[in-house]
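These are my notebook entries on a single structure.

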Amino acid sequence: MKNQNMKRIMIPSALFCLTAGLCAEDYHAVFTEGQWEPSHFLNVKSPRWDYRGIMLQGAGHIYNQTPEVSDEELFRKYGSDVFASLMLNRKFTGNATIRSKMSFDHRMAPLIVIAPELGKGKDGQHEFREHFEIVLFDEGINIWRYMYKDGKASWYKAAWLNAKFEPKKVYELEVQLRYTKFGCTMTVRCDGKEFGYSEANLPRTWYAGITACEGRNRFYDFQVMQPKPKARK
C-alpha cells in the first residue's frame, strides 16, 4: 500500500447535524473522501510502541496502513506495526451513544476507544494514557481497561462477549454510556448481540475515537450522540 496522506476537505459545520435527531453536541463523520474532515481528529499512538501508524483513505472507508504480507504473517509478526488510532479533537461530557461501522480481515481487531485524558509521547505528539477499548474480533467483543503509571502501561480484560464475527463483513459496533451515582454503565451492542459492564473509573468527561490493530481494519463512519435536554414546561 502506498504511504499517502489523507486529503483534507473543509466541511460546512451544518453537516455535523446530519438528521433531525442530532443536536449541536453530536458528531457524525462518514469516511468517504470529501465527506469528512481529518483535522477534526487527533493521531494518537500507543505508549507500548514507538510506531505511530496512520489511516489511509479508501473507497468509502478509511483503513490502517499495513505491511504487504499475508494476513497470517501480519497477525503473527507485525502486531506493533499496524496500530493506528484517530480520536476526536474535542471532549464530551455525560451520557452518550458511540457508534462505528467497521470490518476486519482474517481475525481482528477494529475498536472504539474512550479516554478520559490524552498525554504526550517523547516526540511531543499525542499518546494514550488511561483508556478503554471496546474491541471487535472474530471470536467476540472484549473490553480492555488500560492504566498508565510511572511511564508504563498496564492493562486487563474487564468484560467480554463470546460470539462469532466474520472477516470482511461490515458490522456496526455501539457503546452506550449511562452515568449514575455509582459510576458508568456501558452497554455494548453488535449484530443483534448485547452485554453490559459497570465501570466506576470512567470520568464523566472523555474523548472518543477509533483504533485499528492486529490486522487490516476498515472504518466506514464514526458517530457520537448525546441525549437532548428536556424542554422546559
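**Entry 1: cavities**

I searched for cavities of 30 Å³ or more, and the count came to one. The model I worked from is predicted. For the largest cavity I recorded a volume of about 40 Å³.

I then listed the residues that line the largest cavity: Asp 71, Leu 74, Phe 75, Asp 105, His 106, Arg 107, Met 108, Glu 214, Gly 215 and Arg 216. Sorted by class, this lining holds five charged, three nonpolar and two polar residues.

**Entry 2: burial of strand 19**

I turned to strand 19 (residues 221-225), which I noted as mostly covered, with five of its five residues buried. In a regular strand, side chains alternate between the two faces of the sheet. I therefore looked at each face of strand 19 separately, taking buried as under 20% relative accessible area. On one side Asp 221, Gln 223 and Met 225 are buried, and on the other Phe 222 and Val 224 are buried, which leaves both faces covered.

**Entry 3: pairing of strand 19**

Which strands are joined to strand 19 by bridges? I found that strand 1 (residues 27-30) runs antiparallel to strand 19 and is joined to it by four bridges. Within this pairing, Gln 223 of strand 19 stands opposite His 28. Strand 7 (residues 96-104) is also antiparallel to strand 19, with three bridges between them. Here I noted Met 225 in strand 19 as the bridge partner of Thr 97.

Conventions:
Residues are numbered from 1 along each chain as its sequence is written. This is a predicted model: local features need pLDDT of at least 70, side-chain atom pairs count only at pLDDT 80 or more; totals for chains, interfaces and linings use all residues. Side-chain values use heavy atoms; hydrogens and water are left out. Buried means under 20% relative accessible area, exposed over 50%, partly exposed in between (1.4 Å probe, protein chains only). Helices (H or I, at least four residues) and strands (E, at least two) are DSSP runs, numbered from the N terminus. Two strands pair if DSSP finds at least two bridges between them. On a 1 Å grid over the protein atoms alone, a cavity is a set of points where a 1.4 Å probe fits but cannot get out, and a pocket is an open set with protein on both sides within 12 Å along at least five of seven lines; lining residues have an atom within 4 Å of a point. Grid points are joined across faces, edges and corners, and a volume is the space filled by probe spheres set on the points. Ala, Val, Leu, Ile, Met, Phe, Trp, Tyr, Cys and Pro count as nonpolar, Asp, Glu, Lys and Arg as charged, and the others, Gly among them, as polar.
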